Amino acid sequence: MLPLWRTFSVGEPVRRAELATAMSTELVHDAFGTGVLVEVDVDGELPGTWVRAAVCIVPVAIAGEMIWVASDFPWFEDDPDAVHGPGAATQTLRGLLPTRSPRTLVDLASGSGALGVAIACATGADLVAADLNPRAAALSELTAALNGLALEAQVGDLTDAVTGRHDLIVCNPPFVLDRPADRTMFRDSEDPRGYAGLAHDLVPLLDEDGIGIYLTNWRYGPALPHPLTDLAEDLAALPACDVLVLERAVVTAHDYVRVWTDDDALAGEWEQALLAHRTTHVGTGAVLVRRLPDDEDDEATHVSTSTAYDLSLDGLAGLVTGWLAAQQAARALTSEDRLVAAPYVVEELDDQASVRATGGLALSVTGPAAQVRSTAVATLEALRSPGRLSDVLAAVPALGPSPRTAADLLRTLLRAGLVRLA
């Protein structure tokens, strides 16, 4: 194992004969033929005596799934074509995925292929991968092969290389904003919004009840629209979907730049580029979109926004799964369903009020204070003990005699996690 570890994990040169003993002469020959191994010159030695790996191959745990991953060695990080191994973004995307077993899976902007391969290994899904960088596509194929999966990765820009409809699409797009120099197309966003609206391109590729999820950044500034409100309004135009916009952190422009570089000159120029776009803070998060079944394609799209700053990654998949179940329950709600209120708090500012769930994703319902108190709060009080639609109508005068109005309010409260099926 030692020469294999020195070659593929550490990147040191080793004698070809030593590696052939560890791997077999045939495998060494094949590795040269595919470019996985290359010859290196060592003073005083015959050509071909010493070899090194052209790619790094190491085991990595992704949400508990141990897989082999092929990527470039860390010292190539400044090469614009370099393909990095999985990092925090990969773990975050995997940790956000709801519990389900897709039949078909697409990994967009696949990089090393680690995320798609980890999911496919855990679920048995058929894997499709695509990346704009041909080297990334090749390494995605190698990562898949190292884990016993067949994959022919496509080369193309995000959704351009993908056809058909799929159960699950995951994407870690190039979302980094406004880097003014040393630009690399595979990390830095050419879209000024960090591809925050990528859902518009994902939905046509989703099968009914399919899910797409991607990471993104968004801009905050006193002269800018509120980014979550702005994004929610944009994504509400999607056809027949449930959408979750999840913000995980907000940092100053100064701190955002320092996440990506320790070069003082570049950092200063970069921060000024952000400020030139009126950006004082940057939010980091994810967007999840579920396409409704085809027989519900006339339904309106609903968008939920959550600021989940303090929630641990370990529990987020369960919360996302619960959110999806709540959206389905809201669409299928009948007058005979029994509901019960969840814990909540009421927050008021000027003439506006929000009723916020104190658990889960802490979603809220907001509106004019008097209306929120007379309808939403009154309904939650009426449902401290389980009740039906008829009980709500009898207990909340502001709803009048209209079952439809009451049902719409209950669906809204269900979506926000403020009530649940009893």
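## Salt bridges

A salt bridge is a side-chain nitrogen of Lys or Arg within 4 Å of a carboxyl oxygen of Asp or Glu. The structure holds 24 salt bridges. This is a predicted model, in which local features need pLDDT of at least 70 and side-chain atom pairs count only at pLDDT 80 or more, while totals for chains, interfaces and linings use all residues. Residues are numbered from 1 along each chain as its sequence is written, and side-chain values use heavy atoms, with hydrogens and water left out.

## Overall make-up

The secondary structure comes to 14 helices and 18 strands. Helices (H or I, at least four residues) and strands (E, at least two) are DSSP runs, numbered from the N terminus. Along the principal axes, the C-alpha atoms fill a box of roughly 95 × 45 × 35 Å.

Of the 422 residues in the protein, 47% are buried. Buried means under 20% relative accessible area, exposed means over 50%, and partly exposed lies in between (1.4 Å probe, protein chains only). Accessible areas come from the Shrake-Rupley method with a 1.4 Å probe, and for residues only the protein chains shown count as cover.

## Individual ion pairs

Asp72 and Arg135 form a salt bridge through their side chains, with an N to O distance of 2.6 Å. Asp72 lies in the loop between β5 and α4 and Arg135 in helix α6 (residues 134–146), so this pair ties together parts that are 63 residues apart in sequence. Asp72 is buried, at 8% relative accessible area, whereas Arg135 is partly exposed, at 33%.

A salt bridge also joins the side chains of Arg165 and Asp207, at 3.9 Å from N to O. This pair links distant parts of the chain, 42 residues apart: Arg165 is in the loop between β8 (154–155) and β9 (166–171), and Asp207 is in strand β10 (residues 206–220). Arg165 is partly exposed, with a relative accessibility of 34%. In a further salt bridge, the side chains of Asp188 and Arg179 meet at 3.0 Å, N to O. Asp188 and Arg179 are both buried.

Salt bridges link Arg100, Asp209, Asp242, Arg290, Glu299, Arg331 and Arg415 in a network. One of these residues, Asp209, lies in strand β10. Asp209 is partly exposed, at 26% relative accessibility. The phi angle of Asp209 is near 65 degrees, a positive value in a residue other than glycine.

Arg415, another member of the network, has a side chain in polar contact with that of Gln327, at 3.0 Å. A polar contact is a pair of N or O atoms within 3.5 Å; within protein, one must be able to donate a hydrogen and the other to accept it, and residues adjacent in sequence count only if both atoms are side-chain atoms. Gln327 lies in helix α11 (residues 313–331). Gln327 is buried, with a relative accessible area of 0%.

## Negative surface patch

Glu77, Asp78, Asp79, Asp81, Asp262 and Asp263 gather in a patch of negative charge on the surface. Patches are made of residues with over 30% relative accessible area and no salt bridge; like charges are joined within 9 Å, and nonpolar side chains (Val, Leu, Ile, Met, Phe, Trp, Tyr) within 5 Å. Lys and Arg count as positive and Asp and Glu as negative, while His and the chain ends are not counted. The place of a charge is taken as NZ of Lys, CZ of Arg, CG of Asp or CD of Glu.

Asp79 is partly exposed, with a relative accessible area of 37%.

Asp178 lies in the loop between β9 and α7 (199–202). The phi angle of Asp178 is near 70 degrees, a positive value in a residue other than glycine. Asp178 is buried, at 14% relative accessible area. Phe175 is also placed in the loop between β9 and α7. Phe175 is buried, with a relative accessible area of 11%. From C-alpha to C-alpha, Phe175 and Gly268 are 20 Å apart in space, and they are 93 residues apart in sequence.

Glu271 is found in helix α10 (residues 264–276). Glu271 is partly exposed, at 22% relative accessible area. Glu271 and Thr252 are 19 residues apart in sequence, with 9.7 Å between their C-alpha atoms.
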